Amino acid sequence: MTNIAIGLFIPFLGTALGAACVYGIRDPLPQGIQRALTGFAAGVMTAASVWSLLIPAMDQVSSWGKWAFVPAAAGFWLGVGMLLLLDRWVPHLHLNSDEPEGMRAPLKKTTMLVLAVTLHNIPEGMAVGVVYAAFLSGQEGMSLAGAIALSLGIAIQNFPEGAIISMPLRSAGLSSHRAFAGGMLSGIVEPVGAVATICLTSLVVPLLPYLLSLAAGAMMYVVVEELIPEMSFGKHSNVGALSFSLGFTVMMALDVALG
């Protein structure tokens, strides 16, 4: 249980360490570095969606034969729909954008920046929680090493996200402490969501193929709707594509080697 508790908080630790960069870096991150970090995060999330979520989801219903894709496809679209609704309802502001999205609300720009990152941390928390719930329930093919591999992969991509959110907050006039707190708290939904999912293990297990795929769909929505545009922002460059490929490779290697 100690290993599981540590595993649940590893992604949050990644966000906190990234946000702590605000104490050592005073100037805003150059656009090239922002692209590289965002591309890396997108690659990690894409690989995690495939190896850690969709493939295990189909393995759970392998007895369905050629129809094993049905729960995965259904869950995937539920995840896309869930993030689409949150994207429409929750007021937020993406990096490098001056136009808020979601419902109109009298919120500060810094608050909406934090909400934007918090939005796409929701599916990551769900993904970690569902995988650990599957392991605790003794589901075939779900190991503690595989669950920790997912936690490590998300923590690695959370590190640049923590830096990307805390640095603009500092540039917007917040103190280093408040900028750090904003970056760190944007990731708190991950362990909270993961713990909540595990507490509902008895309800989660019968729906595992759908829930694993739902988390994958939600993560892929974030990648396509937010991260890919951000890693391609501004003058044409191959930095984002190369960083995406690196992130994808790192997460794939982690899942296969540890899982």
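Residues are numbered from 1 along each chain as its sequence is written, and side-chain values use heavy atoms, with hydrogens and water left out. Because the model is predicted, local features need pLDDT of at least 70 and side-chain atom pairs count only at pLDDT 80 or more, whereas totals for chains, interfaces and linings use all residues.

Helices are DSSP runs (H or I, at least four residues), numbered from the N terminus. Residues are called buried under 20% relative accessible area, exposed over 50% and partly exposed in between (1.4 Å probe, protein chains only). Contact means heavy atoms within 4.5 Å.

A nonpolar surface patch of about 550 Å² is formed by Ile55, Met58, Trp64, Trp67, Phe69 and Val70. Patches are made of residues with over 30% relative accessible area and no salt bridge; nonpolar side chains (Val, Leu, Ile, Met, Phe, Trp, Tyr) are joined within 5 Å, and like charges within 9 Å. A salt bridge is a side-chain nitrogen of Lys or Arg within 4 Å of a carboxyl oxygen of Asp or Glu. Accessible areas come from the Shrake-Rupley method with a 1.4 Å probe, and for residues only the protein chains shown count as cover. At least two residues of the nonpolar patch come from each of helix 2 (31-60) and helix 3 (69-89). Met58 belongs to helix 2 and is partly exposed, its relative accessible area being 31%.

Helix 3 also contains Pro71, which is buried at 0% relative accessible area. Apart from neighbours within four places in sequence, Pro71 has contacts with Val61, Trp64, Pro209, Tyr210 and Ser213.

In helix 2, Leu53 is buried, with 0% relative accessible area. Its contacts, when neighbours within four places in sequence are set aside, are Ala48, Ala127, Val131, Leu212, Ala215, Ala216 and Met219. Leu53 and Leu174 lie 121 residues apart along the chain, and 38 Å separates their C-alpha atoms.

Rings of Phe, Tyr and Trp (its six-membered ring) pair if their centres lie within 6.5 Å; planes under 30 degrees apart count as stacked, over 60 as edge-to-face and the rest as tilted. Four aromatic pairs are counted by this rule. In one of them, Trp67 and Phe69 have ring centres 6.0 Å apart and planes at 35°, so the pair is tilted. The ring centres of Phe244 and Phe248 are 6.5 Å apart and the planes are at 25°, so that pair is stacked. Phe244 and Phe248 are four residues apart in helix 10 (residues 239-258), a separation of about one helical turn. Together with Trp51, Phe244 and Phe248 make up one aromatic cluster. Trp67 is partly exposed at 49% relative accessible area, Phe69 is partly exposed at 42%, and Phe248 is partly exposed at 22%.

Not counting residues up to four places away in sequence, Phe244 touches Gly39, Phe40, Ala42, Gly43, Thr46 and Met231. Phe244 and Phe76 are 168 residues apart in sequence, with a C-alpha to C-alpha distance of 21 Å.

In helix 7 (residues 189-199), the buried residues are Glu190, Pro191, Ala194, Thr197 and Ile198. They cover an arc of only 130° around the axis, so they lie on the same side of helix 7; the arc is taken from the directions from the helix axis to the C-beta atoms. Val192 and Cys199 are exposed on the other side of helix 7. The cover over the buried residues of helix 7 includes helix 1 (2-19), helix 4 (109-136), helix 5 (144-171) and helix 8 (201-204).

Asn121, located in helix 4, is buried at 1% relative accessibility. Beyond four places in sequence, Asn121 is in contact with Asn158, Glu161, Ser186, Gly187, Val189 and Glu190. Gln157, located in helix 5, is buried at 0% relative accessibility. Residues up to four places away not being counted, Gln157 touches Ala41, Val44, Met45 and Glu124. Gln157 and Leu37 are 120 residues apart along the chain, while their C-alpha atoms are separated by 8.0 Å.
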